[in-house]
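The structure is shown first.

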Amino acid sequence: MHTDCETVWEDCLRVIKDNVAEQSFNTWFKPISPLKCSDDVLTIQVPSQFFYEWLEEHYVHVLKKAITSVMGPNARLEYSVIVDRGNSKSSPLSVNLPNRNTSKNTNFNGHSPKEDYVSPFQLKSVDSLYQQSQLNPNNTFDSYIEGDCNRLARSAGFAVAQKPGVTSFNPLMLYGGVGLGKTHLVQAIGNEIKNNRMNSFVLYVSSEKFTNQFIDALKNNKIQEFQNYYMQVDILIIDDVQFLAGKERTQEIFFHIFNHLHQAGKQIVMTSDCPPRDLKGLQERLLSRFKWGLTADLQQPDYETRVAIIQRKMQSDGIYIPDNVVEYLAYSVDTNIRELEGVLISLIAHASLNRVDIDLELAKQTLKNIVHDIETEVGIDYIQKTVSEYFKVDVDSLKDKIRKKEIVIARQVAMYFSKEYTNHSLKSIGYHFGGRDHSTVIHAVQSVNDMMDTNATFKSQVEELRKKLKMRSV
């Protein structure tokens with residue numbers, strides 16, 4: 001029976017792995033152990049009460065999908081939660097708990113668990129899919145952090161949500177790299193419209209799902225039904241339109257749907273990984289229509305935005321993280337929002353598994369396998385790299401004889417921090433900056449101190465760099 005239980009759970013894990021990010025899978029599903037499987041009930045053991053609550057709050061739809069696909073539609077999940085008695089000589093207790101969300105009879109998108117998504121051409125009318133807009137209700141404007149990196153996109157999105165199809169932002173095209181919040185923002189638009197305009201039919205669909213639905217329509221000779229269905233939508237949100245590249249038949253029908261909706265005053269919102277001018281493999285007539293409205297980009301979040309994202313996550317999950325850890329995370333993970341949230345989840349999981357408070361040492365241990373070079377010692381090479389990135393100059397230029405003002409300032413700041421954070425002699429520091437002598441280093445340090453006394457902006461820049469370097473040296 002135990003072997004059968006492990007086999008069932010292994011099958012479930014294969015389904016789960018296809019539906020969550022690798023980091024989330026390793027953090028939240030690998031530590032789970034299958035205990036027993038009887039009739040339609042699978043019992044799994046989780047390390048703590050917090051772990052159980054997190055799974056129920058964030059991954060119940062994935063677990064439900066996995067066990068129903070493996071064990072059948074009547075399958076149920078129960079948890080065995082390890083509870084520490086608070087006595088090191090006693091073994092932890094195991095408490096059985098049912099799945100808290102099974103009675104809700106809904107999954108992540110608000111659908112019946114019996115159906116993931118019905119292809120449009122199988123439906124008789126819009127009414128039969130009215131509640132199935134494929135929107136995550138957690139993606140709202142309130143939960144979307146605004147910063148310099150996304151202010152235009154968010155403002156445009158909010159304007160569209162207030163007056164869909166009326167503003168000149170039709171279509172609204174949002175573009176940016178992976179994990180910068182494009183999907184969150186367009187779904188926030190959809191949720192805002194649904195909440196304020198109950199009679200509007202909002203539909204969110206990825207270009208991949210749109211393509212697959214179209215292929216199904218081709219197979220079943222339902223092209224007209226497919227097209228008619230999409231032409232009834234009031235607000236169409238299509239994600240990652242770059243994946244339509246090279247799919248000529250899909251582009252053809254999307255072109256007709258786009259034209260019909262736009263002419264009827266319906267709102268179209270799209271996302272892509274690059275601006276329309278850089279999209280390859282799409283018909284020119286489609287690209288020209290993508291440019292009719294507003295195109296706005298989302299950039300990598302700045303430090304202040306990253307701090308705000310972490311603080312919002314702490315607030316929503318009821319978790320306390322010390323300020324120095326928040327700063328450390330915000331400085332260490334500067335790529336995208338998705339990675340930042342993933343790192344934060346991993347940190348919370350490690351604290352729960354090890355039953356310890358979150359502190360800077362735990363943050364470093366957690367991040368060292370996620371963020372490259374997080375444990376790098378603060379040396380001259382690292383200081384040069386950090387300062388050159390901050391001032392947007394080449395590292396090599398710090399070692400050259402170039403006398404441009406911006407490079408001279410960056411070079412002097414790098415020398416200043418090299419003296420502050422390393423044990424190198426003045427002569428050694430000068431050697432690392434193109435063989436300069438110790439007097440040049442002394443002059444650089446004095447110049448930085450003088451500029452900090454007279455230039456408030458420059459002083460704030462130096463202090464920001466000092467924070468970043470201090471985090472690495474703690």
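In which helix does Glu-192 lie? In this predicted model, Glu-192 belongs to helix H6, which spans residues 182–196.

**Glu-192 and its surroundings**

The relative accessible area of Glu-192 is 21%, so the residue counts as partly exposed; the limit for buried is under 20%. Apart from neighbours within four places in sequence, Glu-192 is in contact with Phe-141, Phe-158, Ala-161 and Gln-162. With Gln-162 there is a polar contact between the two side chains, at 3.3 Å. For Ala-161, which is 31 residues away from Glu-192 along the chain, the C-alpha separation is 6.0 Å.

**The open sheet**

An open sheet is built from five strands in the order E6-E7-E8-E5-E9, with parallel pairing. Strands E6 and E9 are at the edges and have a single partner strand each, so one side of each has no neighbour in the sheet. On average, neighbouring strands are turned by 15° against each other, ignoring direction.

| Strand pair | Bridges | Sense | Residues standing opposite |
|---|---|---|---|
| E6 (202–206) and E7 (235–239) | five | parallel | Val-202 and Ile-235 |
| E5 (172–176) and E9 (294–298) | five | parallel | Gly-176 and Leu-298 |

Which residues of E9 form its covered face, and which its uncovered one? Leu-294, Ala-296 and Leu-298 make up the covered face of E9, while Thr-295 and Asp-297 make up the uncovered face.

Helix H9 (residues 248–263) lies across E7 and strand E8 (267–272). The angle at which H9 runs to E8 is about 135°.

In soluble globular proteins, nonpolar side chains tend to be buried together. The largest nonpolar core here has 59 residues, and within it Ile-16, Phe-29, Leu-42 and Leu-55 touch the most other members. Helix H13 (residues 337–354) gives the most to this core, contributing nine residues. A second, separate core holds 29 residues, among them Val-233, Val-241, Leu-261 and Met-270.

What does Leu-42 touch, not counting residues up to four places away in sequence? Its contacts include Cys-5, Val-8, Trp-9, Cys-12 and Cys-37, together with Ile-67, Met-71 and Leu-77. Leu-42 also touches Lys-36, Arg-76 and Glu-78.

Conventions:
Residues are numbered from 1 along each chain as its sequence is written. This is a predicted model: local features need pLDDT of at least 70, side-chain atom pairs count only at pLDDT 80 or more; totals for chains, interfaces and linings use all residues. Side-chain values use heavy atoms; hydrogens and water are left out. Helices (H or I, at least four residues) and strands (E, at least two) are DSSP runs, numbered from the N terminus. Buried means under 20% relative accessible area, exposed over 50%, partly exposed in between (1.4 Å probe, protein chains only). Contact means heavy atoms within 4.5 Å. A polar contact is a pair of N or O atoms within 3.5 Å; within protein, one must be able to donate a hydrogen and the other to accept it, and residues adjacent in sequence count only if both atoms are side-chain atoms. A nonpolar core is a set of buried Ala, Val, Leu, Ile, Met, Phe, Trp, Tyr and Cys residues joined through side-chain atoms within 4.5 Å. Two strands pair if DSSP finds at least two bridges between them. Axes are lines fitted to C-alpha atoms, for helices over the stretch in contact, and angles run from 0 to 180 degrees between N-to-C directions.
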